[in-house]
Amino acid sequence: MMSGNMEQYMQKLNQAMAVLNRVAEDNTTPRNIRRTAKQATDILMDESLSPAARAANAIDLLDQISQDPNMPMYTRTRIWNAISV
């Protein structure tokens, strides 16, 4: 039963990382936002922390950057999508 939950967590982390990678690779997005998306992806991949701690740290980072007034609306939507996963 526990392995099923862990598998589910990892699946959600991979979904969030896929969204963040799209943001990080989008050249129309400001550099600081792309850098933060990459940092959030790195946090999600940090296996020294539990999946919940990784998610909480990444969400905190993304929540801070989502307030940036220079962020294009489609990028903000992607960031919110990653947070919701």
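**Exercise 1. What span should the 12 residues of helix α4 have at 1.5 Å a residue, and how far apart are its end C-alpha atoms?**

Before the solution, a word on the model. This is a predicted model, in which local features need pLDDT of at least 70 and side-chain atom pairs count only at pLDDT 80 or more, while totals for chains, interfaces and linings use all residues. Residues are numbered from 1 along each chain as its sequence is written, and side-chain values use heavy atoms, with hydrogens and water left out.

Step 1. Find the helix: α4 covers residues 73–84. Helices here are DSSP runs (H or I, at least four residues), as strands are (E, at least two), and they are numbered from the N terminus.

Step 2. Work out the expected span, which is 1.5 Å times one less than the number of residues. For α4 this gives 16 Å.

Step 3. Compare with the model: the end C-alpha atoms of α4 are 16 Å apart, which agrees.

**Exercise 2. Which residues of α4 are buried, and which are exposed on the other side?**

Step 1. Set the cut-offs: buried means under 20% relative accessible area, exposed over 50%, and partly exposed in between, with a 1.4 Å probe and protein chains only.

Step 2. List the buried residues of α4: Thr75, Arg76, Ile79 and Ala82. Seen down the axis of α4, these buried residues fall within an arc of 120 degrees, so they line one face of the helix. The arc is that of the directions from the helix axis to the C-beta atoms.

Step 3. Turn to the other side of α4, where Met73 and Ser84 are exposed.

Step 4. Recall the geometry: an α-helix has 3.6 residues a turn, so residues three or four places apart point the same way.

**Exercise 3. Which residues of the largest nonpolar core touch the most other members?**

Step 1. Define the core: a set of buried Ala, Val, Leu, Ile, Met, Phe, Trp, Tyr and Cys residues joined through side-chain atoms within 4.5 Å.

Step 2. Name the residues: of the 18 in this core, Leu20, Ala40, Leu44, Leu62 and Ile79 touch the most other members.

Step 3. Assign the elements. Those that give two or more residues to this core are α1 (2–24), α2 (31–45), α3 (51–65) and α4. α1 gives the most, with 7 residues.

**Exercise 4. Follow the contacts from Leu20 to its partners.**

Step 1. Contact means heavy atoms within 4.5 Å. Not counting residues up to four places away in sequence, Leu20 touches Ala37, Ala40, Thr41, Leu44, Leu62, Ile79 and Ala82.

Step 2. Visit Ala37, which is in helix α2 and is buried, with a relative accessible area of 1%.

Step 3. Beyond four places in sequence, Thr41 touches Met17, Leu20 and Asn21.

**Exercise 5. How many helices and strands does the protein have?**

Step 1. The protein has 4 helices and 0 strands, and from the N terminus on its elements run α-α-α-α.

Step 2. The radius of gyration, taken over C-alpha atoms, is 13 Å, close to the 12 Å that the globule rule gives for 85 residues, so the protein is as compact as a globular protein of that length. The globule rule is 2.2 Å times the number of residues to the power 0.38.

Step 3. Of the 85 residues, 34% count as buried.
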